[in-house]
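Me: I have a structure open and I'm new to this. Can you walk me through it?

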Number of protein chains: 4
Amino acid sequence: MKAPPPTRPALRARYDARQQGVVDAAARLFAQQGYGATSMADLVEATGLTAGGLYHYIDSKEQLLIRICDELLEPLLERVEHVVADETQAPDDQLRALVYAWVAHVEGHLDHMVVFQQERRVIEAEEQWRRVRRSRKRFERLLDGVLARCEAAGLLGTVDRSLTLRALLGMVNHTAQWYRPGGRLDTSAIADGFCDLILR
Amino acid sequence: MKAPPPTRPALRARYDARQQGVVDAAARLFAQQGYGATSMADLVEATGLTAGGLYHYIDSKEQLLIRICDELLEPLLERVEHVVADETQAPDDQLRALVYAWVAHVEGHLDHMVVFQQERRVIEAEEQWRRVRRSRKRFERLLDGVLARCEAAGLLGTVDRSLTLRALLGMVNHTAQWYRPGGRLDTSAIADGFCDLILR
Amino acid sequence: MKAPPPTRPALRARYDARQQGVVDAAARLFAQQGYGATSMADLVEATGLTAGGLYHYIDSKEQLLIRICDELLEPLLERVEHVVADETQAPDDQLRALVYAWVAHVEGHLDHMVVFQQERRVIEAEEQWRRVRRSRKRFERLLDGVLARCEAAGLLGTVDRSLTLRALLGMVNHTAQWYRPGGRLDTSAIADGFCDLILR
Amino acid sequence: MKAPPPTRPALRARYDARQQGVVDAAARLFAQQGYGATSMADLVEATGLTAGGLYHYIDSKEQLLIRICDELLEPLLERVEHVVADETQAPDDQLRALVYAWVAHVEGHLDHMVVFQQERRVIEAEEQWRRVRRSRKRFERLLDGVLARCEAAGLLGTVDRSLTLRALLGMVNHTAQWYRPGGRLDTSAIADGFCDLILR
DNA sequence: TATGAATGAGCCTTCATTCAT
DNA sequence: CATGAATGAAGGCTCATTCAT
């Protein structure tokens, strides 16, 4: 992330750990107060670093935001690619597996997810967000592919597939706004519930 | 909104029109660039007013945000109250009527809706947002009431009702992110599609 | 210079006067301490404005530097164009007229000139300095034209013309480093002295 | 320069070589980007040393600047003293020898020279620059002495001697701004050309 | 010697808002 | 009603230098 991270393994490990700490603290603050409303001073306070020291671990406030989005999308995309790659699975099982992975990922990255949604605007608009944008689009394409297979197998309801896709995106992403760990509904209940709405 | 608006009717009409112009410009800018990233200078440019002149029509930047949310929620709530009040309608018809009104309202206030979602955070957190918060909660309660009647009538699927509620909130609110007027899906298609997913 | 200066004449005059005050103060400070070593806080102190108020009159620190260079080069160029345009004058008279105008201009803009020389580097390097760069080049081309006419008339010494040009540029520009008003040598003495060195 | 350089000859040689490398890199960077605009980080990158390592070879950024000026002035002064010491030479030959040595020195230290001119301001102003200032003044006095002998021998033109001195300083120093090795004019051509302008 | 993390003051600039005219 | 100048705190970020390892 920042120009040259240390090369010696021991130092490198510490560096990485602290950098991750900064990113996590940022995700939390951005989620709670908003990206724009969070000052680097807030981050200084939250991390215990000093104003200048912070910049050993990051390039800029915006890079931090990009990193948060990457940490959200990249591993999710990887898991989803993996699920989709297994062609022996029935389409509806594949959808359930995918939605489960997705909901689980959202629940495990609530802060990241809230930030991602809140800052959607800047992500869609500007140049340096291309990779993030591409990940999001790839994810949607994979999801649509699975829905298409379900549709072909007669497993979807009567609702237009692209509308179904958007409905699904809306309901899962919205999860980050209300889900609290330890609540009445666990990951499976949520994921299966959503799939039940979609599948015939 | 701002201290004393004129009392003579002719002046008053002009005043109101200009004030509405400011609010609409603000909604557009906030939706496009974010509330925090929009400066009053942007607003000055967009409205053609001067820095000082702007403040004849508004109290503060934040009041503008509150007003945008009110303009979104209040008329929606009114329509929904009206729909719900008709106890002769079948529960599923009521749900369809409600969702139609809701989707139509979102489509008619894309900017307002995007702003409302984007600034969710500040709405939930602070004192002066109580009225907005109450409106949102009342809306959800009304919606849940209709769903309960559907459930009682055996019209819902097997999915937990509170999860269904949240799914519906997610999908409809998300509409503002992708809906473009003149697209393939019109209001009815969207509203009915969503209901089809929910209802048995 | 700054986005929209006022349009009403009375205000406009005051605005322009204060803006000029800022530019002059900047020229003095930049000349004394260097552009890089002068902080906006220094400028605030020198102008009596406040940190924010300063920015009513300027766009940025760098624009201030550009403006200083423009104020130096543009009027000089105009005078020189005028001198060169008179084709009835003998070449050596033209050279003397030109050098006199030039020396007088340097003496009247010591601060500007010192700044221009000191920041030569950034002027030559970056994009937004094209106009300044073009002015400088145009000036040198005009000067060379006059020298060429002198040479053709056999009025120059034996020294290579392009070297003569550079020598002249060096000696006149250097004047800003030592000239103090009221010194032993006045404008005419300096300008004529330089010409005497150049001409046969 | 920095606290204790090594005393064992082998180490000392390596130390000196690296220190010289740092000074040369600094001269290049300062000349290209300006002293103020060059950060120690730039220097770290240019030298391949680390932030801390750099400080084994230097005391401070400013000492680096002083050293660059010393490296420029001291050897020049030594050569010039030597030229001036030979009282058997004719005044004009002496002037030619001096200017030749001077031009050659400038050409051999373009970076140093550019830096010296650019940072003139700080050199003249501050305490710790006394030695540099004294060298510059001594150089000018020696030069003026030779001009005086030329004048006494009737070899100068009609131009005031102190103006001639300043003109010469201007033209030779300015050489650093345009001279590029391998150009049409070599050291002799330049030095002789300048002298031809000065001498009758 | 060499490392790279850390410091914290200072940089330029923007901001929402007010008020004399 | 309208203007635009003014405020001054706060914004994100950079810097030369130091020091424990």
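Reply: Start with helix H1 (residues 9-33) of chain A and helix H4 (residues 61-85) of chain A, which pack at an angle of about 90° with axes 10 Å apart. Helices here are DSSP runs of H or I, at least four residues, numbered from the N terminus. This is a predicted model: local features need pLDDT of at least 70, side-chain atom pairs count only at pLDDT 80 or more, and totals for chains, interfaces and linings use all residues. Residues are numbered from 1 along each chain as its sequence is written.

Me: So how do H1(A) and H4(A) sit to each other?
Reply: They are roughly perpendicular, a label for angles of 65 to 115 degrees.

Me: Which residues of H1(A) and H4(A) make the contact?
Reply: From H1(A), they include Gln19(A), Val23(A) and Phe30(A). From H4(A), Leu64(A) and Ile68(A) are among them. Contact means heavy atoms within 4.5 Å.

Me: New topic. What is the mean pLDDT of chain A?
Reply: Chain A averages 93, and 98% of its residues score at least 70. pLDDT is the predictor's confidence in each residue, from 0 to 100.

Me: Which elements of chain A have the lowest and highest mean pLDDT?
Reply: Helix H7 (residues 120-125) of chain A is lowest at 84. Helix H10 (residues 187-198) of chain A is highest at 98.

Me: And chain D: how many residues of helix H6 (residues 110-118) are buried?
Reply: Seven of the nine, so H6(D) is largely enclosed by the rest of the structure. Buried means under 20% relative accessible area (1.4 Å probe, protein chains only). Met113(D) and Phe116(D) are among the buried ones.

Me: What does Leu95(D) touch?
Reply: Its contacts include Leu143(D), Cys150(D) and Leu199(D), not counting residues up to four places away in sequence.

Key:
Chains lettered and ligands numbered in written order. Heavy atoms only, no water. Helix = DSSP H or I, 4+ residues; strand = E, 2+ residues; numbered from the N terminus. Axes fitted to C-alpha atoms, helices over the stretch in contact; angles between N-to-C directions. Parallel < 35°, antiparallel > 145°, perpendicular 65-115°, else oblique. Buried < 20%, exposed > 50% of the residue type's maximum accessible area, 1.4 Å probe, protein only.
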